[in-house]
Amino acid sequence: MTGSLVKPATYDCRQAFGDELMSLARADPRIVAVCNASVGSSNLVAFRDEFPDRMINVGIAEQDLVGVSAGLANVGLIPFVSAAAPFLTGRALEQIKVDAAYSRAHVVLCGQSPGLAYGELGPTHHSIEDLSWMRAIADLTVLVPAGPAQTRAAMRWAVHNPGPCYIRIGRFPVPETSPSNGGVEFVPGKALWLADGDDVTVIAIGTMVSRALLAAERLRTEGIGVRVLNMASIEPLDVQAVLDASHQTKGIVTVEEATVTGGLGSAVATVLAQEHPTPMRILGIPRRFAPTGNTEFLLDYFGLNTDGIVHAIRQLMAADGR
Amino acid sequence: MLAVDSSRAAAFIAARNGHAREAIDTIAAIRELARKVRLSDLTMIGNAKLGHIGGDLSVADILATLYAAVLTIDPREPLADDRDRLILSKGHCAGALYATLAHCGFFSVKELDTFAQPLSALNGHPNRVEVPGVETNTGPLGHGFPVAVGCALGARLRGITNRTFVVLGDGEMQEGSNWEAAMTASHYQLDTLTAVVDRNRLQQGARTEETKQLEPLQDKWVSFGWDVREIDGHDYEQLLAAFAPSTSGRPVCVIANTLKGKGVSFMEDRVEWHHKVPNPEQIEDAIRELSA
């Protein structure tokens with residue numbers, strides 16, 4: 001299960017996003033791409049060249065971006081709305097709530113370069129609040145794929161799901177953690193069980209999944225069994241997998257490249273506090289604007305790395321021993 | 001989702017076809033629909049003890065003209081692929097929209113009695129998930145126009161030959177998102193799109209020009225690349241002429257000069273009737289005046 005985890009190659013999910021969108025568009029004339037001037041940063045240049053009429057660019061106007069997309073959905077098209085995650089979710093938050101979610105429009109909101117991906121560009125360009133904001137909106141599916149294969153699978157699922165969804169498209173390079181690049185079916189509300197262990201469970205999303213697996217591998221050599229779940233579907237959450245973990249292991253660590261005020265950790269804690277109180281460590285970004293630094297630096301700065309996850313697991317083991 | 005009123009819908013369609021075939025007096029049909037809408041709306045707001053009576057009465061003639069004589073729609077098939085789309089961006093005037101839809105047969109007129117009551121489909125702002133004929137949910141201002149732009153653009157991409165209308169409040173033109181949409185529509189030369197501004201010159205609390213100046217409004221639209229038609233928004237002949245399709249290749253903006261509270265003399269052009277609720281005597285007086 002964990003033997004082949006450390007692959008030398010790492011991937012920016014935007015390549016998978018662009019390739020999958022082309023492949024979907026070739027098969028289905030309803031699919032269009034909508035962006036806010038972000039053709040290059042969304043990796044949509046090839047799409048624009050092959051489907052010039054189906055590449056709708058509303059310019060730097062995010063409110064219009066989401067509203068126009070709801071209108072495209074109204075006439076039976078399936079818009080993949082692509083913009084930098086901080087601007088898509090922050091500037092157009094009310095459009096996402098009203099025009100997409102409340103109106104139940106079939107729009108696929110693709111948040112590019114989420115989390116700390118924009119590193120040195122600073123907190124204006126960081127998208128660490130998006131998961132909290134999106135989770136709070138009814139009728140909106142919220143997905144955080146862990147790598148290229150899962151990104152593609154989530155996009156294929158989104159074409160067939162008639163409602164609105166938000167998909168985080170990672171930019172920070174990650175190793176592939178899915179079993180294969182093709183044919184994987186995405187099932188919302190279903191966690192992927194990536195590593196076995198009976199001591200502690202780590203529930204991870206996005207860029208943190210590969211790091212959670214490395215932490216599990218390191219602790220296995222010390223005889224500590226770590227279960228690793230990839231909870232790519234935050235809304236709906238795999239409640240059963242969370243409860244199983246709380247019954248079968250001694251504690252739960254959640255880890256996300258997002259603020260701890262309202263994302264994955266909060267979702268898991270809400271289930272556990274009411275159903276089966278369980279010791280937890282919630283790893284993420286504290287309620288603070290990040291200092292200057294590139295993504296790798298900032299992830300280390302906030303302890304969102306293998307060492308940080310190992311430390312949290314040890315804390316839970318120690319607490320259990322008391 | 002509310003059920004269609006089949007007999008009223010059939011009568012509505014027969015009357016619409018009648019205008020075309022037998023030159024039935026179109027203006028009379030619009031006037032009659034507008035009268036019913038105003039009367040129902042007053043009753044709804046009186047019962048619910050909430051609503052936006054002033055703006056409902058200013059937009060009533062615009063909606064009645066569109067539904068009675070312009071839109072290609074069939075209340076029996078509210079989701080037909082090639083229907084014309086009408087979006088009420090000034091969603092707080094849901095009362096006028098509900099009354100119009102009901103009198104066209106999209107759902108039962110009796111349903112209007114439930115307006116704003118617990119668990120009614122007829123919320124204070126329109127919800128497309130529950131109310132047939134509503135294209136997108138509006139309420140916060142500056143939302144309907146971008147959605148209408150998407151409808152017009154999407155219809156062109158799909159090869160659907162229909163028209164899209166969006167009805168905006170004038171105060172709503174203070175929202176930046178509307179000007180984003182205005183730029184997008186002219187950039188894409190969406191000549192099947194008509195934006196109607198209900199120019200009643202009042203918004204909550206004050207005149208638009210005192211709150212944040214809109215004038216020169218026509219110049220603004222022209223500079224954004226629109227074909228602008230400024231008319232009396234209570235004159236049915238002018239409304240009909242203004243709603244004729246674009247011949248310029250550009251989207252059309254109709255600035256409809258209206259009176260807030262139109263039809264009820266003690267409400268007309270008075271700022272307090274933005275969302276003041278008439279008492280039973282005032283409702284009675286208003287109904288008497290509209291029925292005369």
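**Before you start**

The model is predicted: local features need pLDDT of at least 70, side-chain atom pairs count only at pLDDT 80 or more, and totals for chains, interfaces and linings use all residues. Residues are numbered from 1 along each chain as its sequence is written, while chains are lettered from A and ligands numbered from 1 in the order in which they are written.

**Stop 1: where chain B meets chain A**

Show both chains. 26 residues of chain B are in contact with 24 residues of chain A. Contact here means C-beta atoms, placed from the backbone, within 7 Å. Now select helices H5 (144–158) and H6 (176–187) of chain B; each supplies at least two residues of the side that touches chain A. Helices (H or I, at least four residues) and strands (E, at least two) are DSSP runs, numbered from the N terminus. Which helix gives the most to this side of chain B? H5(B) does, with 11 residues. Colour this side of chain B by class: 12 residues are nonpolar, eight polar and six charged. Ala, Val, Leu, Ile, Met, Phe, Trp, Tyr, Cys and Pro count as nonpolar, Asp, Glu, Lys and Arg as charged, and the others, Gly among them, as polar.

**Stop 2: a helix from each chain**

Select helix H3 (residues 62–74) of chain A together with H6(B). They pack at an angle of about 65°, with their axes 8 Å apart. Axes are lines fitted to C-alpha atoms, for helices over the stretch in contact, and angles run from 0 to 180 degrees between N-to-C directions. H3(A) and H6(B) are therefore roughly perpendicular to each other. The scale: under 35 degrees is roughly parallel, over 145 roughly antiparallel, 65 to 115 roughly perpendicular and the rest oblique. Show side chains next. From H3(A), A:Gln63, A:Asp64, A:Gly67 and A:Val68 meet B:Ser177, B:Glu180, B:Ala181 and B:Thr184 of H6(B). That contact has two nonpolar, four polar and two charged residues.

**Stop 3: the domains of chain A**

Select domain 1 (13–169) and domain 2 (192–321) of chain A, as given by the domain assignment. Such bounds come from an automatic or database assignment. The C-alpha centres of the two domains lie 27 Å apart. Their contact takes 22 residues from domain 1 and 27 residues from domain 2. On the domain 1 side, helix H6 (130–135) and strand S5 (141–143) of chain A each supply at least two residues.

**Stop 4: a five-stranded sheet**

Stay in chain A. Five strands form an open, mixed sheet in the order S7-S9-S8-S11-S12. Strands S7 (192–195) and S12 (280–285) of chain A stand at the edges with a single partner strand each, so one side of each has no neighbour in the sheet. Pairing requires at least two DSSP bridges between two strands. Select strand S11 (residues 251–259) of chain A: five bridges join S11(A) to S12(A), and the two run parallel. One bridge to pick out is A:Val255 with A:Leu283 in S12(A).

**Stop 5: a helix pair in chain B**

Bring chain B back. Helices H3 (residues 53–70) and H4 (residues 94–104) of chain B pack at about 30°, with axes 9 Å apart. That makes H3(B) roughly parallel to H4(B). Click through the contact: residues of H3(B), including B:Val59 and B:Leu63, meet residues of H4(B), including B:Leu97 and B:Thr100. By class, the contact has eight nonpolar, two polar and one charged.

Methods
Contact = placed C-beta atoms within 7 Å.
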